[in-house]
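Please find below my notes on this entry, arranged as numbered points.

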Amino acid sequence: MTRTPTFWSSAILFLLGSSFVVTYSFTAKSKFTHRRPSCSSTLLSMTDTTKKFEYGQWIGNKNVPSEDSSLIDVENPTDHSILGTVPAGCAADAEAALTMAKQAQPAWAKKASVQRAEILKKMASIIRENRLELIDILVKEQAKILPLATVEIDVTAVYLDYHAGLARSIEGEILPSDNVGEHIYVHRAPIGVSVGICPW
(Lines give C-alpha, C1' and ligand atoms only; values in the text may rest on other atoms or scores of the structure.)
Protein backbone atom coordinates (compact mmCIF):
# COMPACT_ATOMS: atom_id res chain seq x y z
CA MET A 1 0.00 0.00 0.00
CA THR A 2 1.07 3.60 -0.52
CA ARG A 3 0.79 6.06 2.31
CA THR A 4 2.04 9.54 3.16
CA PRO A 5 3.85 9.50 6.51
CA THR A 6 5.11 12.46 8.46
CA PHE A 7 8.77 12.37 9.41
CA TRP A 8 10.00 14.62 12.18
CA SER A 9 13.40 15.92 13.05
CA SER A 10 14.87 17.43 16.17
CA ALA A 11 17.10 20.45 16.16
CA ILE A 12 19.36 20.28 19.17
CA LEU A 13 21.09 23.25 20.68
CA PHE A 14 23.86 22.32 23.04
CA LEU A 15 26.95 23.69 24.74
CA LEU A 16 30.16 22.08 23.52
CA GLY A 17 31.28 19.44 26.01
CA SER A 18 28.07 19.71 28.03
CA SER A 19 24.74 18.02 28.53
CA PHE A 20 22.56 21.14 28.42
CA VAL A 21 20.08 20.30 25.71
CA VAL A 22 16.96 22.00 24.39
CA THR A 23 15.00 20.70 21.42
CA TYR A 24 12.34 21.60 18.92
CA SER A 25 10.95 19.68 15.97
CA PHE A 26 9.79 20.31 12.43
CA THR A 27 8.15 18.27 9.72
CA ALA A 28 8.80 17.07 6.21
CA LYS A 29 6.41 15.10 4.00
CA SER A 30 7.25 12.36 1.55
CA LYS A 31 5.56 9.41 -0.15
CA PHE A 32 6.84 5.90 -0.10
CA THR A 33 5.57 2.38 -0.60
CA HIS A 34 5.11 0.70 2.75
CA ARG A 35 4.71 -3.01 3.42
CA ARG A 36 3.70 -4.00 6.92
CA PRO A 37 6.41 -6.08 8.66
CA SER A 38 5.53 -9.65 9.53
CA CYS A 39 7.21 -9.84 12.94
CA SER A 40 6.22 -11.83 15.96
CA SER A 41 4.25 -9.86 18.56
CA THR A 42 6.61 -11.32 21.17
CA LEU A 43 9.54 -9.63 19.45
CA LEU A 44 7.73 -6.38 18.81
CA SER A 45 6.44 -5.43 22.23
CA MET A 46 7.00 -5.98 25.92
CA THR A 47 3.53 -4.80 26.91
CA ASP A 48 0.09 -4.88 25.32
CA THR A 49 -0.62 -1.17 25.77
CA THR A 50 1.25 2.11 25.80
CA LYS A 51 -0.53 5.19 27.09
CA LYS A 52 -0.86 7.97 24.57
CA PHE A 53 1.46 10.88 25.21
CA GLU A 54 1.42 14.55 24.29
CA TYR A 55 4.76 16.32 24.67
CA GLY A 56 5.71 19.97 24.50
CA GLN A 57 9.27 21.17 23.91
CA TRP A 58 12.06 21.27 26.47
CA ILE A 59 13.31 24.86 26.35
CA GLY A 60 14.84 26.81 29.21
CA ASN A 61 14.70 23.80 31.55
CA LYS A 62 10.95 23.42 31.28
CA ASN A 63 8.36 21.80 29.05
CA VAL A 64 6.74 24.52 26.93
CA PRO A 65 4.17 24.46 24.12
CA SER A 66 5.11 25.45 20.59
CA GLU A 67 4.37 28.90 19.19
CA ASP A 68 2.78 26.96 16.34
CA SER A 69 -0.26 24.87 17.29
CA SER A 70 0.49 22.21 14.64
CA LEU A 71 1.02 18.71 16.01
CA ILE A 72 2.59 15.56 14.57
CA ASP A 73 1.02 12.17 15.19
CA VAL A 74 3.53 9.52 16.23
CA GLU A 75 2.41 6.36 14.46
CA ASN A 76 3.16 2.73 15.23
CA PRO A 77 4.36 1.39 11.83
CA THR A 78 3.14 -2.14 12.56
CA ASP A 79 -0.55 -1.38 13.05
CA HIS A 80 -0.82 2.37 12.24
CA SER A 81 -2.19 3.19 15.69
CA ILE A 82 -1.39 6.64 17.09
CA LEU A 83 0.93 6.50 20.09
CA GLY A 84 0.80 10.23 20.84
CA THR A 85 1.62 13.67 19.51
CA VAL A 86 4.62 16.01 19.41
CA PRO A 87 4.77 19.68 18.37
CA ALA A 88 5.59 20.42 14.74
CA GLY A 89 7.72 23.34 15.92
CA CYS A 90 8.53 26.56 14.08
CA ALA A 91 11.23 29.21 13.64
CA ALA A 92 10.06 31.05 16.77
CA ASP A 93 10.61 27.91 18.83
CA ALA A 94 14.14 27.58 17.46
CA GLU A 95 14.90 31.21 18.30
CA ALA A 96 13.54 30.75 21.84
CA ALA A 97 15.71 27.67 22.36
CA LEU A 98 18.79 29.46 21.05
CA THR A 99 18.16 32.50 23.28
CA MET A 100 17.76 30.37 26.40
CA ALA A 101 20.89 28.37 25.60
CA LYS A 102 22.92 31.57 25.20
CA GLN A 103 21.63 32.85 28.54
CA ALA A 104 22.59 29.63 30.29
CA GLN A 105 26.03 29.28 28.71
CA PRO A 106 28.12 31.67 30.88
CA ALA A 107 27.16 29.96 34.14
CA TRP A 108 27.61 26.54 32.55
CA ALA A 109 31.09 27.42 31.29
CA LYS A 110 32.16 28.24 34.86
CA LYS A 111 31.36 24.74 36.09
CA ALA A 112 34.23 22.32 36.50
CA SER A 113 34.33 19.43 34.05
CA VAL A 114 33.57 16.97 36.87
CA GLN A 115 30.40 18.93 37.66
CA ARG A 116 29.27 18.65 34.05
CA ALA A 117 30.12 14.96 34.21
CA GLU A 118 27.76 14.48 37.17
CA ILE A 119 24.88 15.71 35.01
CA LEU A 120 25.75 13.15 32.33
CA LYS A 121 25.83 10.44 34.99
CA LYS A 122 22.42 11.57 36.24
CA MET A 123 21.06 11.34 32.70
CA ALA A 124 22.37 7.77 32.44
CA SER A 125 20.77 6.93 35.78
CA ILE A 126 17.37 8.28 34.68
CA ILE A 127 17.55 6.20 31.49
CA ARG A 128 18.21 3.06 33.54
CA GLU A 129 15.40 3.87 35.98
CA ASN A 130 12.96 4.14 33.06
CA ARG A 131 14.57 1.41 30.97
CA LEU A 132 11.55 -0.83 30.37
CA GLU A 133 9.25 2.04 29.43
CA LEU A 134 11.82 3.51 27.03
CA ILE A 135 12.40 0.13 25.37
CA ASP A 136 8.67 -0.35 24.87
CA ILE A 137 8.26 3.14 23.38
CA LEU A 138 11.16 2.53 20.97
CA VAL A 139 9.69 -0.80 19.86
CA LYS A 140 6.30 0.72 19.13
CA GLU A 141 7.52 4.00 17.66
CA GLN A 142 9.99 2.50 15.17
CA ALA A 143 8.85 -1.12 14.84
CA LYS A 144 12.20 -2.36 16.14
CA ILE A 145 12.41 -5.88 17.43
CA LEU A 146 12.68 -6.12 21.21
CA PRO A 147 16.32 -7.31 21.44
CA LEU A 148 17.56 -4.45 19.24
CA ALA A 149 15.57 -1.81 21.14
CA THR A 150 16.92 -3.18 24.42
CA VAL A 151 20.50 -2.85 23.22
CA GLU A 152 19.96 0.71 21.99
CA ILE A 153 18.51 1.94 25.29
CA ASP A 154 21.17 0.19 27.39
CA VAL A 155 24.01 1.44 25.21
CA THR A 156 22.71 5.01 25.44
CA ALA A 157 23.22 4.94 29.22
CA VAL A 158 26.69 3.41 28.78
CA TYR A 159 27.54 6.08 26.20
CA LEU A 160 26.71 8.87 28.68
CA ASP A 161 28.73 7.19 31.43
CA TYR A 162 31.70 6.87 29.08
CA HIS A 163 31.76 10.56 28.24
CA ALA A 164 31.25 11.50 31.89
CA GLY A 165 34.40 9.50 32.65
CA LEU A 166 36.38 11.60 30.19
CA ALA A 167 35.92 14.65 32.41
CA ARG A 168 39.02 13.76 34.43
CA SER A 169 41.15 13.20 31.36
CA ILE A 170 40.89 16.70 29.89
CA GLU A 171 44.44 17.96 29.44
CA GLY A 172 46.07 21.19 28.40
CA GLU A 173 49.37 21.72 26.60
CA ILE A 174 52.58 23.67 27.06
CA LEU A 175 54.18 24.52 23.73
CA PRO A 176 57.53 26.13 22.92
CA SER A 177 57.30 29.62 21.48
CA ASP A 178 59.33 31.20 18.71
CA ASN A 179 60.32 33.84 21.26
CA VAL A 180 63.19 33.15 23.66
CA GLY A 181 62.06 32.61 27.27
CA GLU A 182 58.41 32.25 26.30
CA HIS A 183 56.04 29.28 26.40
CA ILE A 184 52.48 28.92 25.13
CA TYR A 185 49.91 27.51 27.54
CA VAL A 186 46.79 25.88 26.11
CA HIS A 187 43.74 24.90 28.14
CA ARG A 188 40.35 23.65 26.99
CA ALA A 189 37.09 25.43 27.82
CA PRO A 190 33.51 25.53 26.51
CA ILE A 191 33.40 27.91 23.55
CA GLY A 192 29.68 28.66 23.47
CA VAL A 193 26.41 27.53 21.99
CA SER A 194 26.38 25.38 18.87
CA VAL A 195 23.40 24.24 16.82
CA GLY A 196 23.06 20.69 15.52
CA ILE A 197 20.18 19.47 13.33
CA CYS A 198 19.67 15.72 13.61
CA PRO A 199 17.11 14.42 11.09
CA TRP A 200 15.36 11.16 11.98
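1. Two strands are taken to pair if DSSP finds at least two bridges between them, and strands (E, at least two residues) and helices (H or I, at least four residues) are DSSP runs numbered from the N terminus. The model is a predicted one, in which local features need pLDDT of at least 70 and side-chain atom pairs count only at pLDDT 80 or more, while totals for chains, interfaces and linings use all residues. Residues are numbered from 1 along each chain as its sequence is written, and side-chain values use heavy atoms, with hydrogens and water left out.

2. Strand β8 (residues 71-75) and strand β9 (residues 82-87) pair in the antiparallel sense over five bridges, and within this pairing Val86 of β9 is the bridge partner of Ile72. Six residues lie between the two strands of the hairpin, and His80 takes a positive phi near 65° there.

3. The open sheet has three strands in the order β5-β9-β8, with mixed pairing. Because β5 (53-54) and β8 stand at the edges, each with a single partner strand, one side of each is left without a neighbour in the sheet.

4. For helix α4 (residues 131-142), I checked the length against the expected span, defined as 1.5 Å times one less than the number of residues. The 12 residues of α4 should span 16 Å, and its end C-alpha atoms are 16 Å apart, which agrees. Its buried residues are Ile135, Asp136, Ile137, Leu138, Val139 and Lys140, and just after the helix Ala143 takes a positive phi of about 60°.

5. Counting as a salt bridge any side-chain nitrogen of Lys or Arg within 4 Å of a carboxyl oxygen of Asp or Glu, the total comes to six salt bridges. One of them joins Asp161 to Arg128, with the closest N and O atoms 2.9 Å apart. This pair links distant parts of the chain, as Asp161 is in helix α5 (residues 146-165) and Arg128 in helix α3 (residues 113-129), 33 residues apart. Asp161 is partly exposed at a relative accessible area of 29%, and Arg128 is likewise partly exposed, at 41%.

6. A salt bridge also forms between Arg131 and Asp154, whose closest N and O atoms are 2.6 Å apart. Arg131 lies in α4 and Asp154 in α5, so the pair ties together parts that are 23 residues apart in sequence. Arg131 is partly exposed, with a relative accessible area of 30%, and Asp154 counts as partly exposed at 28%.

7. Arg188 and Glu173 meet through their side chains in a salt bridge of 3.9 Å, N to O. Arg188 lies in the loop between β11 (183-186) and β12 (193-199) and Glu173 in strand β10 (residues 173-176), so this pair ties together parts 15 residues apart in sequence. Arg188 counts as exposed at 57% relative accessibility, whereas Glu173 counts as partly exposed at 38%.

How values were computed
Buried < 20%, exposed > 50% of the residue type's maximum accessible area, 1.4 Å probe, protein only.
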